[in-house]
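Please look through the sequence and the model below before reading on.

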Amino acid sequence: MRGLAWSSLIVVVLLVTGCSSTRQGAIEQDYVAPMSIYSVMDATSLVYSDPKAAAPANDNPYRWFGFLLHPVGQLLDYGINRPLYAIASAAPYVFGYTSEDAMVDSQRR
């Protein structure tokens, strides 16, 4: 009985004081203000900020592979993917072309 009372007291104390700390984590970090109030994903941010100043010092090397492989992806899209969508849309019941496929195909440029 005494063990149950102590266990209950410990649980109550932990529940009551568990969130009473004002620290946000084990290591407090200083706030670093952004370079601009505009999001980098916002198209207008380029107008109001210097992109070179906001760019990281060492760019990710995989990004360069993406630049180099982008034309290959475009060729595959226009040479294989889009013609297959056109063929499938001609006979939707045969190829399983759904309304979702039509929506995706209609959103392409």
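Helices are DSSP runs of H or I with at least four residues, numbered from the N terminus. The model is predicted, and local features need pLDDT of at least 70, whereas side-chain atom pairs count only at pLDDT 80 or more. Residues are numbered from 1 along each chain as its sequence is written, and side-chain values use heavy atoms, with hydrogens and water left out.

V104 belongs to helix 6 (residues 99-106), and with a relative accessible area of 38% V104 is partly exposed, a term for values between buried (under 20%) and exposed (over 50%), found with a 1.4 Å probe on protein chains only. Its C-alpha atom is separated by 9.9 Å from that of Y85, 19 residues apart along the chain.

Rings of Phe, Tyr and Trp (its six-membered ring) pair if their centres lie within 6.5 Å, and planes under 30 degrees apart count as stacked, over 60 as edge-to-face and the rest as tilted.

| Pair | Centre to centre | Angle between planes |
|---|---|---|
| W64 and F67 | 5.5 Å | 70 degrees |
| Y85 and Y97 | 6.3 Å | 80 degrees |

The second pair links distant parts of the chain, with Y85 in helix 4 and Y97 in the loop between helix 5 (92-95) and helix 6, and both Y85 and Y97 are buried. W64 and F67, in contrast, both lie in helix 4 (residues 61-90), three residues apart; W64 is exposed at 52%, while F67 is partly exposed at 45%.

Technical notes
Helices (H or I, at least four residues) and strands (E, at least two) are DSSP runs, numbered from the N terminus.
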